[in-house]
Amino acid sequence: MITLLLLVLVWGVLAYRRASLQRFTLFSAVLLLAGTFWGEVGAASWLVFAVVAGVLNLLPLRISLLSTPMFRVYKGIMPEMSTTEREAIEAGTTWWEAELFRGKPNWQTLHNYPRPQLSAEEQAFIDGPVDEVCRMTNDWEVTHELADLSPEVWAYLKEHKFFAMIIEKQYGGLEFSAYAQSRVLQKLCGTSAVLASTVGVPNSLGPGELLQHYGTPEQKDYYLPRLAAGEDIPCFALTGPEAGSDAGAIPDTGVIVMGDWQGEQVLGMRLNWNKRYITLAPIATVLGLAFKLHDPDGLLGDKPHLGITCALIPTDLPGITIGRRHLPLNVPFQNGPTQGKDVFVPLSFIIGGPDMAGQGWRMLTECLSVGRGITLPSTGTAGTRLSALASGAYSRIRRQFRMPIGKMEGIEAPLARLGGNAYLSDAASMLTVTGIDLGEKPSVISAIVKYHLTHRSQQSLIDAMDIHGGKGICLGPNNYLARGYQGAPIAITVEGANILTRSMIIYGQGAIRCHPYVLKEMLSVQEPDAQKALAQFDAAVFSHLGFAISNKVRSFWLGLTNARFSSTPVSDATAPYYRQMNRLSANLSFLSDVAMATLGGELKRKERLSARLGDVLSQLYLVSATLKRFNDEGRPEALLPLVHWACQDGLYQAQMALVELLDNFPSPIIGKLLKVLIMPWGAPFVPPSDRLDHKVARSLQTSGPVRDALAQGLYLSAEEGNPLGMLEQAFIDIQQAEPIFNKIVDVLGRRPFTGLDALGVEALSADIIMKEEADLLARAEVSRLRTINVDDFAPIDLAANKEQFSNALYNKNAAPSTKRPAKN
């Protein structure tokens, strides 16, 4: 009995520490020797040990007796993987998210990633041209009067190469880092979402990105300098009426035929397409087009159906329809449909030339993993940061019941969410672009930040609107929230709808790409060499078994001890978060293996289950990004309330995902057993407390390190046409006026915080304050009224058709007729 208990204990320790099979065998033999010495182990036990150890450790024996029949069963249940599926799964690279999936994250690896920095050239661009174009842009003019950027802004963007941030310098581009692109887009977004979208799309998935990775030298030499100089405006046409989220099902076609091109007969393609939702399409001069290419006459080879292909098409060719616009939720960036009918172009128009025919899907999925990690996460982060800053300032300025509304507990709750989400979102965006700048193409991470940062931005805008009330809902030149609130669903919808991204992509790709062995097992089935396939499967499947056993033991022990003895890289107030992330990482890996083992291919169709597993992976990434940022910043104590809020909220959301997963597991018995195993004492995490909410909310209403951290790099200059900058100035004015107001009230008695200018005059005449203080009160009163007031308009100013409105108004005000109406 002693030997058996020792074996179980030692096996548990070895599994927890991820010891090798050889080490398991060695320690087992030593314990059996000790048991033999104690008289507890006999010949039968040694025989069993010899058989098991021999089969597991002797490779030819293991392959013959175990791996061969297992491989046969696995091939029978494993559905065939299409080329499209394989390209999607293999697209991009794995990075920190794979470490989180292993059940034992190496936190030092996270801390060792370099902190993102701007070069001197990038900083000068942000301080110069970016600030200048923000000054030139009036969002009310853009969204209400012009439904477009002004001609002056368009010219400025082209002149200063805003569309060339990703293009290499040898072609005339800026060749900025992903971090610089993110900071540019965040500053632009604070001024105008239309401005940020217009700049973001050409620097994301589009002709420029595809050309640099796959274009022929001739294509690069011709197009990239023109794109860099703004001579060509690009767009990329992928989605259409029949294929949105299921972009791989596009019905648009190209057929290889001989045709006339510039007076010569050449081998080319006859294209037909119908696309919509295409940003910059109405004004594009060159169209990146995705279509399915067919070769029915075998003019290019022996494959009649080549697959998805990408080509560059000048938009002035006969048969192309372009120019009409969509109107996406009153955020009128250039977006519209395009159609092509029997458009003939040479094969040389294929990006990369004829050799890249049929390679479009691989090209798109690889490039999307980069662009999707920059543009929308950056603009979503900007929306969250600005919502937090604006709501904190407004809550200090706006008073009801004789106090700032931010002191009300009902306001503190959404303020805390705004502050915590702003810090977390910026941290996740920074960690993601760090990976991209290190050369990664993080397909799983880009899906995580696309979904979560746009989702949190939408929720933050809702919180901000609730706090602002009437100030938020009245559109006008001084409204800094409403257009963002209106346009939030745009980011939720594009580049992979958020519902799809959460329920299918994050975990669908993550479980295969991040798991250290699943993809290897799947690819072994595709290997044509039978002996090599069996060897690959054997290595993967037995490593997988050891991995699963280790995560089961780690999950149980970390749950039993509440991760108290788990290792952390720090010993301060954030140490518990690292410990609990170790626990959740083990839970995720273990439950993934259980789900895949019990559900098999059916897991792909259990979208709500896979979404919850994806939520756990996502929250682990978001919380780890928060801790990484805090460490990069030197672990300042002043920012701890934001860190605590973000980490506690993330851990709690991950826990809720696990609870919902196990409560809805297809086998209720297995679900209950798993819950006992990983949460033996019940659910351990709670959401942020009211006390923590109070600290975060108070910090948003006070100038200091928290607001400085959230405002870094945003355009907040106090000038007409920049309502956020004017709000920030009002916030400063009110803070400076409050001590003067309190001094006056102490002498004159209690009074409402209104008429500060008149109060200053009265107090100055009574020698209570100095002239400078009276002037400050007068300035604060102007700022206060400008902040709390809302825009109003003459009725005719709100009419789109002013002539029709005037006629209707005339008829309405005309003298009523005295003639009786005719009877029916």
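Which residues in helix 8 meet which residues in helix 10? Pro129, Glu132, Val133 and Met136 in helix 8 meet Glu152, Val153, Tyr156 and Leu157 in helix 10, where contact means heavy atoms within 4.5 Å. The structure is a predicted model, in which local features need pLDDT of at least 70, side-chain atom pairs count only at pLDDT 80 or more, and totals for chains, interfaces and linings use all residues. Residues are numbered from 1 along each chain as its sequence is written, and side-chain values use heavy atoms, with hydrogens and water left out.

**Helix 8 and helix 10**

- Helix 8 (residues 120–136) packs against helix 10 (residues 151–159) at an angle of about 170°, and their axes are 10 Å apart.
- Helix 8 is therefore roughly antiparallel to helix 10; angles under 35 degrees count as roughly parallel, over 145 as roughly antiparallel, 65 to 115 as roughly perpendicular and the rest as oblique.
- Axes are lines fitted to C-alpha atoms, for helices over the stretch in contact, and angles run from 0 to 180 degrees between N-to-C directions.
- Helices (H or I, at least four residues) and strands (E, at least two) are DSSP runs, numbered from the N terminus.
- The residues of the contact of helix 8 with helix 10 comprise six nonpolar, no polar and two charged; Ala, Val, Leu, Ile, Met, Phe, Trp, Tyr, Cys and Pro count as nonpolar, Asp, Glu, Lys and Arg as charged, and the others, Gly among them, as polar.

**Helix 26 and helix 28**

- The axes of helix 26 (residues 640–663) and helix 28 (residues 690–700) cross at roughly 130° and come within 9 Å.
- On the helix 26 side, Pro641, Leu642, His644, Trp645 and Gln648 meet Leu692, Asp693, Lys695 and Val696 of helix 28.
- Five nonpolar, two polar and two charged residues make up the contact of helix 26 with helix 28.

**Nonpolar cores**

- The largest nonpolar core has 120 residues, and those with the most contacts inside it are Trp96, Leu591, Tyr621 and Leu710.
- Helix 26 gives the most to this core, with 13 residues.
- A nonpolar core is a set of buried Ala, Val, Leu, Ile, Met, Phe, Trp, Tyr and Cys residues joined through side-chain atoms within 4.5 Å; buried means under 20% relative accessible area, exposed over 50% and partly exposed in between (1.4 Å probe, protein chains only).
- Not counting residues up to four places away in sequence, Leu710 touches Arg385, Ala388, Leu389, Gly419, Ala422, Tyr423, Leu642 and Leu700.
- Another core, of 95 residues, lies apart from the largest one, and among its members are Ala196, Val199, Ile233 and Leu317.

**Helix 12**

- Helix 12 (residues 193–200) is mostly covered, with six of its eight residues buried.
- The buried residues of helix 12 are Val194, Leu195, Ala196, Thr198, Val199 and Gly200.
- Their cover includes helix 8, helix 9 (139–146), helix 10, helix 11 (178–191) and helix 16 (375–397).

**Individual residues**

- Tyr277, in strand 3 (residues 264–279), has a phi near 65°, a positive value in a residue other than glycine.
- Tyr277 counts as partly exposed because its relative accessibility is 48%.
- Leu329, in the loop between strand 6 (320–322) and strand 7 (335–346), has a positive phi near 55°.
- The relative accessible area of Leu329 is 43%, so Leu329 is partly exposed.
- Val30 is found in helix 2 (residues 21–38) and is partly exposed, with a relative accessible area of 47%.
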